[in-house]
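Subject: The structure I promised you

Hi,

Here is the structure we talked about, ready for you to open. Have it on screen while you read, and turn to each residue as it comes up.

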Amino acid sequence: MSERLSVLKTYKLYVGGKFPRSESGRVYEVTDAKGKWLANAPLSSRKDARDAVVAARKAFGGWSGATAYNRGQILYRVAEMLEGRRDQYVAEVADAEGLSKSKAAAQVDAAIDRWVWYAGWTDKIAQVVGGGNPVAGPFFNLSSPEPTGVVTVLAPQESSFLGLVSVIAPVIATGNTAVVIASERSPLPALSLGEVLATSDLPGGVVNILSGRTAEIATPLASHQDVNAIDLAGADETLAKELEIAAADNLKRVLRPQPVDNANADWSATPGTDRMTAFLETKTVWHPTGALGASGSSY
């Protein structure tokens, strides 16, 4: 009996809840830490980036308008789905980062736990950063956070899964939608994440994942007039400066990489709330106290 040939996986982009090939038809070889071929990944074009922004903008109204509790349920569902496919991600992270299976497993477990952590924050962050403000005068002054909009996220280059989750989850937990540029060297865990997101109740377009040359994809996104913010976690110092200049065209919010050399970033540390608040705007409402309605009663 002849030996059975394995079925090789075809990696695709994740845009608008679907799995298109790159519009350009191009691919590039992805290798493991020892240079062994793993797969061909799509080489995204500028049109792919524009399509991702269109999908993210279309999804923004529904996602930002969902209740915080509902967003938390969906993020928790992502963690559930990842738990069920844990072995697959351990193998992909081990290949991508040249880790032992035990170290890769620790990275995957931490990434799953991070989804749960952010799921718990969705209905609490407004209480932490919003509230009533003391003012001089007969007014109520209330501040509440609102999502910034469409956020371009450059995933960390060295942490293909834990770092990836650490920059995606806080963006969508607060009601933003995301266009994610996967690690150029190790994009496969990010592209596989699209398969989980598509089956976890997350509306199509909330997260869109592109792979390819980071600078080639990020440059048009940084100057795109319908992108509201950009996270430079996966940019080196030179690229970060170029993208900051491009982003100034329409006054985008820019989250600079900390540290500048993201290869030394500790993604396993407790994340805090900084990445959530970085992509929130504060809406302040004034209302007079003791005002009389038509019936003469105060409200």
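One definition before we start: a residue is buried if its relative accessible area is under 20%, exposed if over 50%, and partly exposed in between, using a 1.4 Å probe and protein chains only. Please keep in mind that this is a predicted model, so local features need pLDDT of at least 70 and side-chain atom pairs count only at pLDDT 80 or more, while totals for chains, interfaces and linings use all residues. Residues are numbered from 1 along each chain as its sequence is written, and side-chain values use heavy atoms, with hydrogens and water left out.

**Helix α2**

Let's begin with Q73, which counts as partly exposed because its relative accessibility is 40%. Q73 sits in helix α2, residues 68-84. By helix I mean a DSSP run of H or I with at least four residues, and by strand a run of E with at least two, both numbered from the N terminus. Along the chain Q73 and V116 are 43 residues apart, yet 9.4 Å separates their C-alpha atoms. Helix α2 also holds G84, which is exposed at a relative accessible area of 68%. From G84 to D113 it is 29 residues in sequence and 13 Å in space, C-alpha to C-alpha.

**The largest pocket**

Where does the largest pocket have its centre, going by the residues that lie nearest? Those are K9, Y11, L38, A39 and L188, out of 21 lining residues. The elements giving two or more residues to this lining are β1 (27-31), β2 (37-42), α3 (86-97) and α7 (188-198). The volume of the largest pocket is about 350 Å³.

Here is how that works: on a 1 Å grid over the protein atoms alone, a cavity is a set of points where a 1.4 Å probe fits but cannot get out, while a pocket is an open set with protein on both sides within 12 Å along at least five of seven lines; lining residues have an atom within 4 Å of a point. Grid points are joined across faces, edges and corners, and the volume is the space filled by probe spheres set on the points.

By class, the lining has 12 nonpolar, 4 polar and 5 charged residues. Nonpolar here covers Ala, Val, Leu, Ile, Met, Phe, Trp, Tyr, Cys and Pro, charged covers Asp, Glu, Lys and Arg, and the others, Gly among them, are polar.

**Aromatic rings**

How many aromatic pairs does a search of the whole structure find? It finds 4. Rings of Phe, Tyr and Trp (its six-membered ring) pair if their centres lie within 6.5 Å; planes under 30 degrees apart are stacked, over 60 edge-to-face, and the rest tilted. Y14 and F19 make a tilted pair, because their planes are at 35°, with ring centres 5.1 Å apart. Y14 is buried at 1% relative accessibility, whereas F19 is partly exposed at 34%.

Y89 and F161 are stacked, because their planes are at 25°, and their ring centres are 4.9 Å apart. Since Y89 is in helix α3 and F161 in the loop between β5 (150-154) and α6 (162-173), this pair ties together parts 72 residues apart in sequence. Y89 is buried at 0% relative accessibility, and F161 is buried with a relative accessible area of 0%. W117, Y118 and W121 form one aromatic cluster.

Rings also have charges over them, which here means NZ of Lys or CZ of Arg within 6 Å of the ring centre and within 35 degrees of the ring normal. R57 has its charged end over the ring of F60, 5.6 Å from the centre, and R213 lies over the face of Y28, at 4.5 Å from the ring centre.

V93, in helix α3, is buried at 0% relative accessibility. Not counting residues up to four places away in sequence, V93 touches several others, including F161 and P189; contact means heavy atoms within 4.5 Å. I168, in helix α6, is buried at 0% too. Leaving aside neighbours within four places in sequence, I168 is in contact with W115, V180, L193 and V207.

**Positive phi**

Most residues other than glycine have a negative phi. D201, though, has a phi near 75°, and L251 has one near 55°. D201 is in the loop between α7 and β7 (207-210) and is exposed at 55%.

Happy exploring!
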